[in-house]
Amino acid sequence: MRQLDYLSKCYGFTIEGGVLLCHNIHSGSSEDLVILPEGIRVVAERAMAGFECRKLVMPASLVEIEKEGFKFAEIKEIDFGSCKLERMGYEAFRGCKAKTVLPDSLKIIDAWAATDLVISEGKRVRLPSDLSFICSHSINLENVREIEIDERAVKESTNFLGAIRSGLPNKLGRWVTVRVFRGDTVVNEFIITDFYEGWGCNFIKQDGIDYRRYDDNFDQLQDESCKFQMAVYRVSWPYDLPPERKAFYDSYACKEILKKKIGKGKIVLAECLGMLEKRILPQHLAEILVAASQKKNLEMSDCLLDLIRRNHGIAAKSLDLEL
């Protein structure tokens with residue numbers, strides 16, 4: 001009780017029956033390290049709103065933060081440690097820009113609960129492994145390029161897809177890689193973008209990914225780097241992938257690799273063609289040939305024409321190429 005008495009005296013905390021009810025908003029300091037005492041199970045509505053400290057350490061006993069619990073709190077860092085937090089209520093940390101890592105025990109994240117928290121490490125964020133529901137507009141993915149998540153959360157009932165799409169930044173080229181884990185092992189990678197349109201955008205179903213819908217979205221994508229990454233992931237993780245579609249993705253990825261080699265020199269080009277020529281479909285060869293022609297790369301154009309004649313024969317005659 002000594003720690004609790006100290007905190008109550010210094011910060012004006014009122015704690016009853018395991019519920020942190022309120023604090024004295026004028027008693028904190030931006031330089032303080034505050035360790036909330038064990039025994040607190042719930043942070044009540046607005047109990048820590050406006051609280052100020054440098055670093056806050058949560059107790060392992062905490063299981064819920066209610067609506068607006070830390071709204072506009074001025075905290076630089078939050079350590080959830082061995083916290084058993086299960087629910088983060090509506091606008092729990094709205095306006096609080098603390099850097100933190102969400103605890104694996106977190107099951108429910110309500111709307112606007114963590115939109116201002118910095119939950120990423122560089123350009124990567126790992127979502128809680130016990131996540132069962134995450135509201136739309138609950139997290140901010142402004143600078144995030146990779147999301148790690150347990151495979152149990154990749155289903156429709158968790159609203160995972162809606163939460164990610166609503167968290168993407170409102171700018172061109174908005175897409176992220178999702179890396180799916182089973183324990184410590186990666187079992188899948190795919191992309192989520194906000195450019196999908198119509199019924200096909202909802203490719204997460206009750207028991208996982210509807211790959212037919214996911215693949216149908218490919219042609220809608222405008223960002224070439226996004227399409228390339230999607231193709232690479234589908235070839236790498238060919239779940240429910242028909243052979244002809246796998247060949248198309250493989251060919252598309254090879255085409256993008258070769259496009260990057262335009263202007264890199266004849267030796268580099270010859271090495272790439274040697275590795276990739278058997279995997280590229282005629283229509284993708286035609287696209288590379290057009291790109292080489294536009295950049296006036298005659299060496300590459302000659303190599304590609306020779307490759308088309310050797311490997312595609314009659315099919316090559318149907319290519320409408322203007323050099």
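This note goes through the fold, the pockets and a few local features of a predicted model.

1. Overall make-up. The protein has eight helices and 16 strands. Of its 323 residues, 48% are buried. Take the contacts between residues at least 6 apart in sequence: 44% of them join residues at least 24 apart.

2. The seven-stranded sheet. The order is S1-S2-S4-S6-S8-S9-S11. The sheet is open, and its pairing is mixed. Strand S1 (14–16) and strand S11 (133–134) stand at the edges; each has a single partner strand, so one side of each lacks a neighbour in the sheet.

3. Strand S8 (residues 87–88) and strand S9 (residues 108–109) run parallel and pair over two bridges. Arg 87 stands opposite Ile 108 of S9.

4. Strands S3, S5 and S7. Strand S3 (residues 33–35) runs parallel to strand S5 (residues 52–57), and three bridges join them. Within this pairing, Val 34 faces Leu 56 in S5. S5 also pairs with strand S7 (residues 74–79), again in the parallel sense, through five bridges. Here Val 57 has Asp 79 of S7 as its bridge partner.

5. Helix H2. How many of the eight residues of helix H2 (residues 160–167) are buried? Six are, so the helix is mostly covered. The buried set is Phe 160, Leu 161, Ala 163, Ile 164, Arg 165 and Gly 167. Note that a charged residue, Arg 165, is in that set. The buried residues pack against S11, strand S12 (146–150), S13, S14 and strand S15 (204–205).

6. The largest pocket. Its volume is about 250 Å³. The lining has 13 residues, and those closest to the pocket centre are Glu 151, Asn 188, Gly 208, Ile 209 and Tyr 211. Which strands each supply at least two residues of the lining? They are strand S13 (175–182), strand S14 (185–193) and strand S16 (208–209). S14 gives the largest share, three residues. By type, the lining divides into seven nonpolar, two polar and four charged residues.

7. Positive phi at Trp 112. Trp 112 is not a glycine, yet its phi is positive, about 60 degrees. The residue sits in the loop between S9 and strand S10 (124–126). Is Trp 112 buried or partly exposed? Its relative accessibility is 30%, so Trp 112 counts as partly exposed. The cut-offs that matter here are under 20% for buried and over 50% for exposed.

8. Positive phi at His 137. His 137 also has a positive phi, near 60 degrees, and is a residue other than glycine. It lies in the loop between S11 and S12. With a relative accessible area of 38%, His 137 is partly exposed.

How values were computed
Residues numbered from 1 in each chain as written. Predicted model: local features only at pLDDT ≥ 70, side-chain atom pairs only at ≥ 80, totals over all residues. Heavy atoms only, no water. Pairing = 2+ DSSP bridges. Helix = DSSP H or I, 4+ residues; strand = E, 2+ residues; numbered from the N terminus. 1 Å grid on protein atoms, 1.4 Å probe; cavity = no way out; pocket = protein on both sides within 12 Å on 5 of 7 lines; lining within 4 Å. Points joined across faces, edges and corners; volume = space filled by probe spheres on them. Buried < 20%, exposed > 50% of the residue type's maximum accessible area, 1.4 Å probe, protein only. Contact = heavy atoms within 4.5 Å.
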